[in-house]
Amino acid sequence: MTPLLTVDTLSVTFEAENESRRLLRDVSLELGPSEILGLVGESGSGKSLLCRTIIGLKPSPNMHITGGDIRLGDTSIPGLPEREMINLRGRRIGMIFQNPTSHLNPLIRIGDQICEGLRRHRGLSQADATKEAINLLDQVGFPDPPRNFRSYAHEFSGGMRQRAMIAIALACDPEILIADEPTTALDVTIQAQILELLVELRRKRGLSIILITHDLGVVAQTCDRIAVMQEGRIVETGEKRALLSAPQHPYTQKMIASHPSFEAKAAGTNAPATIHPKPVYQINDLEVRFPGTGGWFRKREDFRALAGVSLEIMPGETVGIVGESGSGKSTLARTIMGLTPIASGAVSYAGDPITATSTLTRIRHEVAMVFQDPYNALNPRMTVAETLREVLLTQGETPKSGIDARCGELLDMVGLDRSFLNRRPGSLSGGQCQRVGIARALAVNPNVIIADESVAALDVTIQAQIIDLFRDLSDRLGLTLIFIAHDLAIVRDLCSRVVVMHHGRIVETGPTAEVFANPSQSYTADLIAAIPNIDPDRPLARAGHATAITK
Amino acid sequence: MTDIPSPEPRSILRLRLPGKNTGLVIGFGIIGTFLLLAILAPFVAPFDPVQQNPDLRLTPPSWAHPFGTDNFGRDMLSRVIWGARIDLQITLLGVLFPFIIGTIVGTVAGFFGGIVDTIFMRIIDIVLAFPFLVLMLSVIAILGPGLTSFYIAMALVGWVSYARLIRAQILVLKTKDFAVAAQSLGFSRTRIMFRHLLPNALAGSIVFAMSDVVLVLLNGAAISYLGLGVQPPTAEWGIMVAEGQSFISRAWWIPFFPGVSIVVLAFGFSLLGDALSDIWGRLE
């Protein structure tokens, strides 16, 4: 089998005024016809850079190819003049990106964006291009292609936008499709549909695909071969079953071990302590609405973020709240923190309604929150010490003289060196920032920690470390942990009880092991089945309506 | 593998500056020089700036009078040096007051939103509905001519741009997680506004303030030209340019030197503004 695309000992160097860093070191890859190659690695490992170098779109003019070659068939890409690169991009190599929203032009109809490529690269007339575009929309699974042709990007959901991106990439009938984290921004069930679409396109059109992802589960489900990248090198490459069952490189082993797979031990059923029979939180028939935007002639309709939610949370319990984006998980968290007004129903904290000012003050002293995006959750202008000190001063429990010592202790608790005290978030990694975020939450000396998607933005190995930290802290300090996630595998590892939310309602709740073994609702079953398993022989379940493709 | 080959030859046209803070150094240098001249004016200026000398009317630049003399025979160099006193004061105070008021209003309006925001925004709309100078003139006309009136008028009219800039920034920042985090940690609203949100919102307005300096200078000149600001015979660059315009064909030096001073000072401020916002934005 002659490879379609060969990357041969490629090196890329970043050169600025007085620094020079090698971003890619001797990377070699081969992609065969109608093969799906998974490119795995953590953020900063150079996987996106590699793909952008292949299509000649280096992210910065200071980056230069300093060695090696990229060959597409017989053509060497690095030497090509820009004119020919333009013909190659799109025509022979198509690309789709992580965030379909920002890569679609919001002011041009989806159909016209597809036609643009058809006319430019295939020289079709407007009428033929329209016909072909509708055909493409059909192929990528749009329900009503002629109507969808005239729609704009904002009229679609994230999954549909990603389908539109794929249609645009396919418009020029490329031989290779590079998909850069195509499903990272999507919910699990949608992710399963998109991955299935990619596999199906490979089968129907003989497309070769390079799939960049940080999720080994995704790779295991879709790819033929896997290449693992770390710090600009390919540390291991091989057939997926061989690589996943017998990883050679220590980094690959670590990644596989960190994957929150279903085979991992279920969370200990540390039964809620019976000393405090009173629930920490009692939520009764809670409803939260956001004012909607009506047209000039339409009545304004409020958006109902939570509808009839009832839940009890006992002290010392670890509760996982799962659901897809828009299911109301984060709204629930903000509401019980007293940050979002309640439309109807009641929430009480330790027996008192949270609408009372005195309860709110108690919540501020006893409940702390850890956020999703570690960089956004910290004030970029303040050093770690300033951030922690401010909380300690506001809480007023630590005497002024003990504050510096307490800051140090907090960093010890979250496993950060004390030298981080004088750093600002800008110079920390995502995982380090999240640890600071947790330290800040602990500075409150809380009884309850609400973690809102706190590991979603982190790489798998870091994710595993942060989850261990949460588990350790909740055991050691007897905290009540409310852990919100869209990733069920994590919840299963960490939480004793799970609450499944869908469209602002709780659809299922129960002990984690029970819910996962026997989901009583089809939605829960779909969610569980849609998680890409690291075991390639457990095929991706088809969520909802998707068509059967596996034999 | 071979080592990194030498970088591609760079364009000779590219300006190579000695350090990262060149802008800051030059900007500070320019403003510092003017500041020194202003402070030391009584010692540095060779002549009395208001001393008229009918024999020397409209002398071109010479060794005795390097910037020439004006139509009353006053030494232009001395007038430019003394003018620095008034003009630095006008620029600093004329920008400072609107900056402070606008920043506070913008922060409060953006943070609280709702009715507070609506009220402030409508007030801003009203202020903006009138031409800038007309509004300034009416305020000064009420308060009576003089520099104090000028500062008050600047503060009353000039804050709107700063308020809008800051408000827009605050609106974006307050939805960020760190703002929500600050709220969830029980920090007071004043603290969230001024400790967490405002410092992150300032960079844009600092740059704007530095370019605003030039406009304030020109406004000051316009107001003085109309006889409502600095009163003659006090040396002020704006008035000097204005007075010199009638002699421009015969005595180019009268408007030229004060004009150049305005441009150089403005250049200094804008360099300083860029450098400051860089430093302010640097968060490593």
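**Which elements does chain B run through from the N terminus on?** From the N terminus on, the order in chain B is α-α-α-α-α-α-α-α-α-α. This is a predicted model, in which local features need pLDDT of at least 70 and side-chain atom pairs count only at pLDDT 80 or more, while totals for chains, interfaces and linings use all residues. Residues are numbered from 1 along each chain as its sequence is written, and chains are lettered from A and ligands numbered from 1 in the order in which they are written. The model scores ipTM 0.71 and pTM 0.71.

**View 1. Chain B as a whole.** Chain B has 10 helices and zero strands. Helices (H or I, at least four residues) and strands (E, at least two) are DSSP runs, numbered from the N terminus. Along the principal axes, the C-alpha atoms of chain B fill a box of roughly 75 × 70 × 30 Å. Of its 284 residues, 41% count as buried. A residue is buried if 20 or more other C-beta atoms lie within 10 Å of its own, exposed if 12 or fewer, and partly exposed in between; C-beta atoms are placed from the backbone. Take the contacts in chain B between residues at least 6 apart in sequence: 68% of them join residues at least 24 apart. Two residues are in contact if their C-beta atoms, placed from the backbone, lie within 7 Å.

**View 2. Confidence along chain B.** The pLDDT of chain B averages 84, and 92% of the residues score at least 70. Residues 1–18 of chain B have a pLDDT below 50; beyond near neighbours in sequence, this stretch has 10 contacts in the model. pLDDT is the predictor's confidence in each residue, from 0 to 100. Where pLDDT is low, the predicted coordinates should not be read in detail.

View 3. B:Ala221 sits in helix H8 of chain B. Is B:Ala221 buried or exposed? B:Ala221 is buried, because 23 other C-beta atoms lie within 10 Å. Leaving out residues up to four places away in sequence, B:Ala221 touches B:Trp237, B:Gly238, B:Ile239, B:Val241 and B:Ala242. B:Gly102 is 119 residues from B:Ala221 along the chain, and their C-alpha atoms are separated by 23 Å.

**View 4. The contact between chains A and B.** Chain B gives 20 residues to the contact, and chain A gives 26 residues. On the chain B side, helix H7 (177–184) and helix H8 (189–225) are the elements that give two or more residues. H7(B) supplies the largest share of that side, six residues. By class, the side of chain B that touches chain A has 11 nonpolar, six polar and three charged residues. Ala, Val, Leu, Ile, Met, Phe, Trp, Tyr, Cys and Pro count as nonpolar, Asp, Glu, Lys and Arg as charged, and the others, Gly among them, as polar.

**View 5. The buried side of helix H11 in chain A.** H11(A) covers residues 250–258, and its buried residues are A:Tyr251, A:Thr252 and A:Met255. Why do they lie on the same side of H11(A)? They cover an arc of only 100° around the axis, so they are on the same side of H11(A). The arc is that of the directions from the helix axis to the C-beta atoms. The buried residues of H11(A) pack against helix H9 (216–222), strand E9 (225–230), strand E10 (233–239), helix H10 (240–245) and helix H17 (460–477) of chain A.

**View 6. The six-stranded sheet of chain A.** The open sheet has the order E16-E17-E18-E13-E19-E20 (chain A), with mixed pairing. Two strands pair if DSSP finds at least two bridges between them. Strand E16 (367–370) and strand E20 (505–511) of chain A are the edge strands, and each pairs on one side only. From one strand to the next, the twist averages 15°. Strand E19 (residues 497–502) of chain A runs antiparallel to E20(A), joined by six bridges. A:Met501 has A:Ile506 in E20(A) as its bridge partner. A:Val498 stands opposite A:Gly510 in E20(A). The hairpin of E19(A) and E20(A) has two residues between the strands, and A:His503 takes a positive phi near 50° there.

**View 7. The four-stranded sheet of chain A.** Four strands form an open sheet in the order E12-E11-E14-E15 (chain A), and the pairing is antiparallel. The edge strands, each pairing on one side only, are strand E12 (303–313) and strand E15 (352–353) of chain A. Five bridges link strand E11 (residues 281–290) to strand E14 (residues 344–349) of chain A. A:Gln282 has A:Ser348 in E14(A) as its bridge partner.

Methods. Axes are lines fitted to C-alpha atoms, for helices over the stretch in contact, and angles run from 0 to 180 degrees between N-to-C directions.
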